[in-house]
Amino acid sequence: MSNKLIISLSPHAHGSDTVERNMYGVIIALIPALLVSFYYFGIGAAIVNATSIVSCVFFEWVISKFVMKRQPTVTDGSAIITGLLLGFNLPSNLPIWIIVIGALVAVGIGKMTFGGLGNNPFNPALVGRCFLLVSFPAQMTSWPVVGQLSSYLDAETGATPLSIMKKAIKTGDASVLNDLPDSLHLFLGSNADLGSGSLGEVCAAALLLGLAYMLWKKIITWHIPVSIIATVFVASGLLHLANPVYANPVADVLSGGLMLGAIFMATDYVTSPMTGKGQLIYGVSIGLLTVVIRKWGAYPEGMSFAILIMNAFTPLINHYVKPKRFGEEAAK
């Protein structure tokens with residue numbers, strides 16, 4: 001009688017998906033962008049990413065074992081992803097001690113405070129990133145110029161494409177946009193003499209490779225990334241047509257953390273809506289908020305804040321698009 005049969009109502013479904021499979025699938029999808037960051041920033045990218053990953057794994061293990069007093073789950077890959085994504089949201093010259101603080105906030109406050117994987121309402125890496133942006137604005141907005149392979153703390157910094165766009169809006173001078181790289185350079189990340197932005201946003205091509213892999217493996221669906229990118233393209237295109245002081249939509253889509261956020265951060269299982277319809281509402285809202293913050297907010301970039309705001313609305317969206325129970329109409 002030790003082996004009991006459990007009888008439950010249909011339907012029954014079986015699948016090969018596991019937390020580990022999906023998490024390590026995302027890690028594989030991030031490899032092209034990781035390699036590109038090494039190619040463009042060398043030792044700086046290696047130090048920042050390694051520090052972020054090791055710190056996130058360490059803090060999750062310590063909090064699980066000694067604070068929550070349960071079996072650590074660092075082998076499921078989620079802490080590694082948090083570390084990678086946090087590192088991808090940082091400049092390549094950020095001091096190690098600041099990275100460690102960001103990792104502690106990302107894991108300790110953004111994830112483990114709510115009970116760990118599957119319980120966090122906000123994307124942990126973005127919680128860490130936004131905390132650092134508010135706490136250390138000077139260090140978090142000092143962007144090394146692309147191509148400094150052997151430099152770290154003494155790297156030469158420069159203006160990013162988004163800061164150029166912001167300057168054009170503030171001054172009302174559309175000629176400032178002439179300093180922007182062309183679309184091919186933005187797509188590949190080879191923006192000579194310009195600041196890079198965060199490590200993971202430097203090359204749109206590498207991020208799109210990761211998107212293709214995750215769609216192929218059915219780790220994510222197209223709804224969130226496509227709706228975000230399409231919304232930003234349309235909204236920024238309309239602004240550009242109305243006033244040339246706003247950058248063209250291709251430059252807006254290929255600049256900053258839009259691709260990184262749309263593909264790898266907004267699609268987080270825990271913090272995004274469950275249904276296709278809900279994901280489209282979520283994605284369009286993130287796209288609109290990103291454009292509003294970029295054009296009229298205090299910061300040149302708005303992707304991180306837009307995702308966190310919509311993370312808070314995810315339960316409401318899930319409630320709004322919740323499918324009717326079987327037989328509910330008949331019962332009425």
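Which residue forms a salt bridge with Asp 252, the closest N and O atoms being 2.6 Å apart? In this predicted model, the partner is Lys 295. The two residues sit in separate helices, Asp 252 in helix H11 and Lys 295 in helix H13, and the pair links distant parts of the chain, 43 residues apart. Lys 295 counts as buried because its relative accessible area is 4%, under the 20% limit for that class. Asp 252 is buried as well, at 1% relative accessibility.

Asp 252 has a further partner. A salt bridge joins Asp 252 to Arg 294, and here the closest N and O atoms are 3.0 Å apart. Asp 252 belongs to helix H11 (residues 249-254) and Arg 294 to helix H13, so this pair ties together parts that are 42 residues apart in sequence. Both members of the pair are buried; for Arg 294 the relative accessibility is 4%.

Arg 294 in turn meets Glu 301, side chain to side chain, in a salt bridge with an N to O distance of 2.9 Å. Glu 301 has a relative accessibility of 13% and therefore counts as buried. Taken together, Asp 252, Arg 294, Lys 295 and Glu 301 are linked in a network of salt bridges. The structure as a whole holds four salt bridges.

Helix H13 also takes part in a helix packing. Helix H13 (residues 276-296) packs against helix H7 (residues 161-171) at an angle of about 65°, and their axes lie 8 Å apart. From H7, the residues in this contact are Leu 162, Lys 166 and Ile 169; from H13, they are Ile 293, Arg 294, Lys 295 and Trp 296. By type, the contact of H7 with H13 has four nonpolar residues, three charged ones and no polar ones.

Phe 264 and Ile 286 touch the most other members of the largest nonpolar core, which has 87 residues. Helix H1 (residues 19-41) supplies the largest share of this core, with 10 residues. Apart from neighbours within four places in sequence, Phe 264 is in contact with Val 26, Ala 29, Leu 30, Leu 85, Leu 207, Gly 210, Met 214 and Met 259.

Thr 82 has a relative accessible area of 8% and so counts as buried. With neighbours within four places in sequence left aside, the residues in contact with Thr 82 are Cys 56, Ala 106, Val 107, Pro 124 and Ala 125.

The totals for the chain complete the picture. The chain has 15 helices and zero strands. Its length is 332 residues, and 53% of them count as buried. Among contacts with a separation of 6 or more, 74% are between residues 24 or more positions apart. The accessible surface of the chain is about 15,900 Å², and carbon and sulfur atoms account for 67% of that area.

Conventions: Residues numbered from 1 in each chain as written. Predicted model: local features only at pLDDT ≥ 70, side-chain atom pairs only at ≥ 80, totals over all residues. Heavy atoms only, no water. Helix = DSSP H or I, 4+ residues; strand = E, 2+ residues; numbered from the N terminus. Buried < 20%, exposed > 50% of the residue type's maximum accessible area, 1.4 Å probe, protein only. Contact = heavy atoms within 4.5 Å. Areas by Shrake-Rupley, 256 points an atom, 1.4 Å probe, with all protein chains shown as cover. Axes fitted to C-alpha atoms, helices over the stretch in contact; angles between N-to-C directions. Nonpolar A, V, L, I, M, F, W, Y, C, P; charged D, E, K, R; others polar. Core = buried A, V, L, I, M, F, W, Y, C linked by side-chain atoms within 4.5 Å.
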